[in-house]
Amino acid sequence: TLDARFPTSGATDYIGYSINGTSEWSGLARTAVGATGWKPATLGTTGVPSRKAIAALLTSPAATAAGTVSHFAVFSASTGGTQRTDWQAFAEAKPLGVGDKVTHAIDAIGISLD
């Protein structure tokens, strides 16, 4: 299911950011996952959900306002589009100043089936 919804090639997904975990923050534009940005899903086992993660280092555009980014969600377009996941908390909130960028390591952004 994860591989069908978030393909390993031809993906057009974007990471959106939130400072409150309930709505998208306008101070940081969405980050493109890229056509080959998702790894194949891992198969879940008892107590461990199946998981899909980013396959490449991702860097956001520069922030246009100061704020602390605490959550992310996956969207279907760079603006507008459909929110494809619920808001998920980062392991650590990221304070940003104007011009700062967020970098996501391989595997840092993931989606799981619980």
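Over the face of which ring does Lys94 lie? Lys94 lies over the face of Phe90, at 5.4 Å from the ring centre, where a charge counts as sitting over a ring if NZ of Lys or CZ of Arg is within 6 Å of the ring centre and within 35 degrees of the ring normal.

This is a predicted model, in which local features need pLDDT of at least 70 and side-chain atom pairs count only at pLDDT 80 or more, while totals for chains, interfaces and linings use all residues. Residues are numbered from 1 along each chain as its sequence is written, and side-chain values use heavy atoms, with hydrogens and water left out.

**Sheet**

Helices (H or I, at least four residues) and strands (E, at least two) are DSSP runs, numbered from the N terminus. Four strands form an open sheet in the order S2-S1-S5-S6, with antiparallel pairing; two strands pair if DSSP finds at least two bridges between them. S2 and S6 stand at the edges and have a single partner strand each, so one side of each is left without a neighbour in the sheet. The antiparallel strands S1 and S5 are joined by five bridges, and Tyr17 has Phe72 as its bridge partner in S5.

**Rings**

Rings of Phe, Tyr and Trp (its six-membered ring) pair if their centres lie within 6.5 Å, and planes under 30 degrees apart count as stacked, over 60 as edge-to-face and the rest as tilted. By this rule the count comes to three aromatic pairs. One of them is the tilted pair of Phe72 and Phe90, with 5.3 Å centre to centre and 40° between the planes. This pair links distant parts of the chain, since Phe72 belongs to strand S5 (residues 67-75) and Phe90 to strand S6 (residues 88-96), 18 residues apart. Both Phe72 and Phe90 are buried, a word that stands for under 20% relative accessible area, with exposed over 50% and partly exposed in between (1.4 Å probe, protein chains only).

| Charged residue | Ring | Distance from ring centre |
|---|---|---|
| Arg30 | Phe75 | 3.7 Å |
| Lys94 | Phe90 | 5.4 Å |

**Core**

A nonpolar core is a set of buried Ala, Val, Leu, Ile, Met, Phe, Trp, Tyr and Cys residues joined through side-chain atoms within 4.5 Å. The largest one has 20 residues, and those with the most contacts inside it are Ile15, Leu28, Trp38, Val69 and Leu96. Strand S1 (14-18), S5 and S6 are the elements that give two or more residues to this core, and S5 gives the most, with three residues. Contact means heavy atoms within 4.5 Å; apart from neighbours within four places in sequence, Val69 is in contact with residues including Tyr17, Leu28, Phe90, Lys94 and Leu96.

His104 lies in strand S7 (residues 103-104) and counts as buried because its relative accessibility is 2%. The side chain of His104 makes a polar contact with the side chain of Tyr17 (3.0 Å); such a contact is a pair of N or O atoms within 3.5 Å, where within protein one must be able to donate a hydrogen and the other to accept it, and residues adjacent in sequence count only if both atoms are side-chain atoms.

Lys52, found in strand S3 (residues 50-53), counts as buried at 0% relative accessibility. A polar atom of the Lys52 side chain lies 2.8 Å from the backbone oxygen of Lys39.

Gly27 lies in the loop between S1 and strand S2 (31-32) and counts as buried at 2% relative accessibility. Not counting residues up to four places away in sequence, Gly27 touches Ala63, Thr64 and Ala65.
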